Protein chains: 2
Amino acid sequence: MTIDHDGMVPVYRQLAAILREAIHRGDYLPGRAIPSENRLMQEHGLARETVRKAIGVLADEGLVQAVHGRGVFVVERPSG
Amino acid sequence: MTIDHDGMVPVYRQLAAILREAIHRGDYLPGRAIPSENRLMQEHGLARETVRKAIGVLADEGLVQAVHGRGVFVVERPSG
DNA sequence: AAATATTTGTACGTATGTATG
DNA sequence: GCATACATACGTACAAATATT
């Protein structure tokens, strides 16, 4: 999965979609953390704000939950 | 205080006036920070650039001073 | 206990693109 | 064309919570 900077879909939504699918595939398991913001920045070549926006989308969906100083965790029971 | 999007006065100047009066009232004290850009965006339903322009007006007046990574502070000695 | 590293939280600085009047 | 306004995106800085050494 690659980010298209010139596409019509905002980059942060593209990243959100990538992470969402990875979670649904089981790449990131419930109760465990997804890669850190810094890792996502490096791996996708994005700014932190963009990464955090993507995570925010998934958090709004109830898919993940960020914990200060620990990481962003996949929730056991996605609300929806 | 509410923003009038259809008025003759630009929104960022309306917001500047709102913040200026709040400072003069003492809602925001010298040496302390006014609400963050994000908060002002949310509370007034405005875009960041608009909020930043309003802050820019007050900064030009010497009423506030933005500090990178910290906030926008009410100055102790308004120049004027 | 202390120092360091990791990670998320918050906040300002800058730039670009799009749309409207 | 220009000023206004919104959305997106990258850059830089500091703070707080947690983890590691």
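Residues are numbered from 1 along each chain as its sequence is written, and chains are lettered from A and ligands numbered from 1 in the order in which they are written. The model is predicted, so that local features need pLDDT of at least 70 and side-chain atom pairs count only at pLDDT 80 or more, while totals for chains, interfaces and linings use all residues; side-chain values use heavy atoms, with hydrogens and water left out.

DNA strand D is surrounded by 26 residues, where a residue is near a strand if one of its heavy atoms lies within 4 Å of it. The closest are Val11(A), Thr50(A), Arg70(A), Val11(B) and Thr50(B). Of the atoms of DNA strand D that come within 4 Å of the protein, 69% belong to sugar and phosphate. By class, the surface near DNA strand D comprises 10 nonpolar, 8 polar and 8 charged residues. In this scheme Ala, Val, Leu, Ile, Met, Phe, Trp, Tyr, Cys and Pro are nonpolar, Asp, Glu, Lys and Arg are charged, and the others, Gly among them, are polar. In both chain A and chain B, helix 1 (11-25) and helix 3 (48-60) each supply at least two residues of this surface. Helices (H or I, at least four residues) and strands (E, at least two) are DSSP runs numbered from the N terminus.

Individual atom pairs involve both bases and backbone of DNA strand D. A base nitrogen is 2.9 Å from an N or O atom in the side chain of His68(A), and another pair places a polar side-chain atom of Glu49(B) 3.1 Å from a base nitrogen. A polar backbone atom of Ala47(A) is 3.2 Å from a phosphate oxygen of DNA strand D.

DNA strand C is surrounded by 22 residues, the closest being Glu37(A), Arg48(A), Arg52(A), His68(A) and His68(B). Sugar or phosphate contributes 61% of the atoms of DNA strand C within 4 Å of the protein, and bases the rest. The nearby residues divide into 6 nonpolar, 8 polar and 8 charged. Phosphate oxygens of DNA strand C lie 3.0 Å from a polar side-chain atom of Arg52(A), 3.1 Å from an N or O atom in the side chain of Arg52(B) and 3.1 Å from a backbone N or O atom of Glu37(B). In each of chains A and B, helix 3, strand 1 (64-67) and strand 2 (71-74) give two or more residues to this surface.

Terms used. A polar contact is a pair of N or O atoms within 3.5 Å; within protein, one must be able to donate a hydrogen and the other to accept it, and residues adjacent in sequence count only if both atoms are side-chain atoms.
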